[in-house]
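Have the sequence and the 3D view open as you read.

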Amino acid sequence: MLRRTGQSLVVLAGVSVIVFALVHLVPGDPVRLALGTRFSQESYDALQQRSGLDQPLLQQYFTWAGRALTGDLGVSFRSGEPVTGQILERLPATLTLAFAAIVVALLIAVPLGTISALRPRSLVDRGATVLSQIGISVPDFWMGIVLILVFAGTLGWLPSGGYVPLTEDPWGWFQRLIMPAVVTGVVSGSVITRFVRSSVLEALGQDQVRTARAKGLKARQVLSWHVLRNALLPLVTVTGVQLAYLLSGVVVVEIVFSWPGLGQLALQAVQARDYPVLQGAVLLFALVFLLVNLVVDLLYSRLDPRIARR
């Protein structure tokens with residue numbers, strides 16, 4: 001755990017350097033964009049000094065990185081609000097969508113992938129392969145628009161978009177969550193289904209499974225004790241990657257459903273050349289991926305004790 005944590009900190013430091021350097025290579029003066037077309041030289045100099053952009057580039061990085069360690073990601077050029085506050089404001093919507101989507105994905109992938117592996121080359125297996133291919137190939141924005149047209153426009157069962165906090169209106173929160181969670185969950189579930197199928201097929205061919213069958217164990221016991229447990233490691237890996245991707249914000253889905261997540265915040269920061277917001281968002285995305293990978297590594301040692309002894 002200590003070794004993995006140390007490696008993650010080194011990676012995070014490298015990501016912070018790359019993010020800081022790349023953002024400053026983007027053409028355009030962020031101060032001019034923040035002030036608009038009409039501004040005085042005094043206001044320009046004041047904003048540049050307040051943002052630290054009048055300092056040497058190396059000093060800017062160390063100042064920004066030092067503040068980031070304390071949770072201070074700077075102030076937005078566009079709104080003048082703290083970046084940390086803007087991220088925390090968008091975080092509940094992103095967490096809600098990400099975990100709801102991963103639940104939908106697992107509800108699709110685990111049964112479908114397992115049944116396909118238990119009956120290879122059957123009609124069920126071929127159908128599951130076709131469905132997973134469709135889920136991967138169909139653009140998520142098109143799927144979202146179709147759901148809006150059917151369930152919000154034609155049937156009128158669900159609102160077309162927006163976000164309501166759970167504490168304010170639980171039923172409204174759930175209604176607005178269904179369609180974006182289904183869209184992102186179907187795409188992620190299609191990816192995970194293939195991994196589940198291949199892992200269960202590999203586990204079915206292992207020696208302990210043949211031995212268990214030879215001893216006369218019931219098929220349900222063989223499946224739960226020997227097959228699914230050995231197939232969990234690849235499933236945990238791909239689920240962790242998909243969860244980290246969803247926690248980083250699904251920009252297109254957020255735009256289609258007017259979902260105020262971190263992905264939309266990062267896109268708005270790119271369009272406005274809002275350096276502090278963009279740097280804070282990308283740094284958070286990198287931190288999310290590193291934390292999820294660390295949790296996956298720890299789960300490995302719990303699922304397979306042999307890994308902890310290596």
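## Ground rules and overall make-up

Helices here are DSSP runs of H or I with at least four residues, numbered from the N terminus. Keep in mind that this is a predicted model. By that count, the protein chain has 15 helices and 0 strands.

As for dimensions, the C-alpha atoms fill a box of roughly 85 × 55 × 35 Å along the principal axes. Of the 310 residues, 38% are buried. Take the contacts between residues at least 6 apart in sequence, and 72% of them join residues at least 24 apart.

## Surface and charge

Which residues make the nonpolar surface patch of about 780 Å²? They are Phe141, Trp142, Ile145, Leu149, Val150, Leu155, Trp157 and Val252. Helix 7 (residues 140-154) is the top contributor, giving 5 residues to the patch. Val150 is placed in helix 7, and its relative accessibility of 33% makes it partly exposed.

## Two salt bridges

As a bit of background, side chains of opposite charge can pair when their charged atoms come close. The structure holds 2 salt bridges.

One is between Asp297 and Arg4, with the closest N and O atoms 3.3 Å apart. This pair links distant parts of the chain, since Asp297 belongs to helix 14 and Arg4 to helix 1 (residues 2-25), 293 residues apart. Both partners are partly exposed: Asp297 has a relative accessibility of 23%, and Arg4 comes in at 37%.

In the other, Arg197 meets Asp125, and here the closest N and O atoms are 2.8 Å apart. Arg197 sits in helix 8 (residues 170-204) and Asp125 in helix 6, so this bridge ties together parts 72 residues apart in sequence.

## Loops with a positive phi

Most residues other than glycine have a negative phi. Arg121 is not a glycine, yet it has a positive phi of about 65°. You'll find Arg121 in the loop between helix 5 and helix 6 (123-137). Its relative accessible area is 69%, which means Arg121 is exposed.

Ser258 is another residue other than glycine with a positive phi, near 50°. Its loop runs between helix 12 (251-256) and helix 13 (262-272). Ser258 is partly exposed, with a relative accessible area of 48%.

Where is Ser76 found? Look in the loop between helix 4 (57-69) and helix 5 (83-118). Ser76 counts as buried because its relative accessible area is 1%, under the 20% cut-off. Apart from neighbours within four places in sequence, Ser76 is in contact with Glu81, Val83, Gln86, Asp274 and Val277.

Leu299 is placed in helix 14 (residues 275-303). Leu299 is partly exposed, with a relative accessible area of 38%. Its C-alpha atom is separated by 29 Å from that of Leu177, a residue 122 places away along the chain.

Key: Residues are numbered from 1 along each chain as its sequence is written. This is a predicted model: local features need pLDDT of at least 70, side-chain atom pairs count only at pLDDT 80 or more; totals for chains, interfaces and linings use all residues. Side-chain values use heavy atoms; hydrogens and water are left out. Helices (H or I, at least four residues) and strands (E, at least two) are DSSP runs, numbered from the N terminus. Buried means under 20% relative accessible area, exposed over 50%, partly exposed in between (1.4 Å probe, protein chains only). Contact means heavy atoms within 4.5 Å. Patches are made of residues with over 30% relative accessible area and no salt bridge: like charges are joined within 9 Å, nonpolar side chains (Val, Leu, Ile, Met, Phe, Trp, Tyr) within 5 Å. Accessible areas come from the Shrake-Rupley method with a 1.4 Å probe; for residues, only the protein chains shown count as cover. A salt bridge is a side-chain nitrogen of Lys or Arg within 4 Å of a carboxyl oxygen of Asp or Glu.
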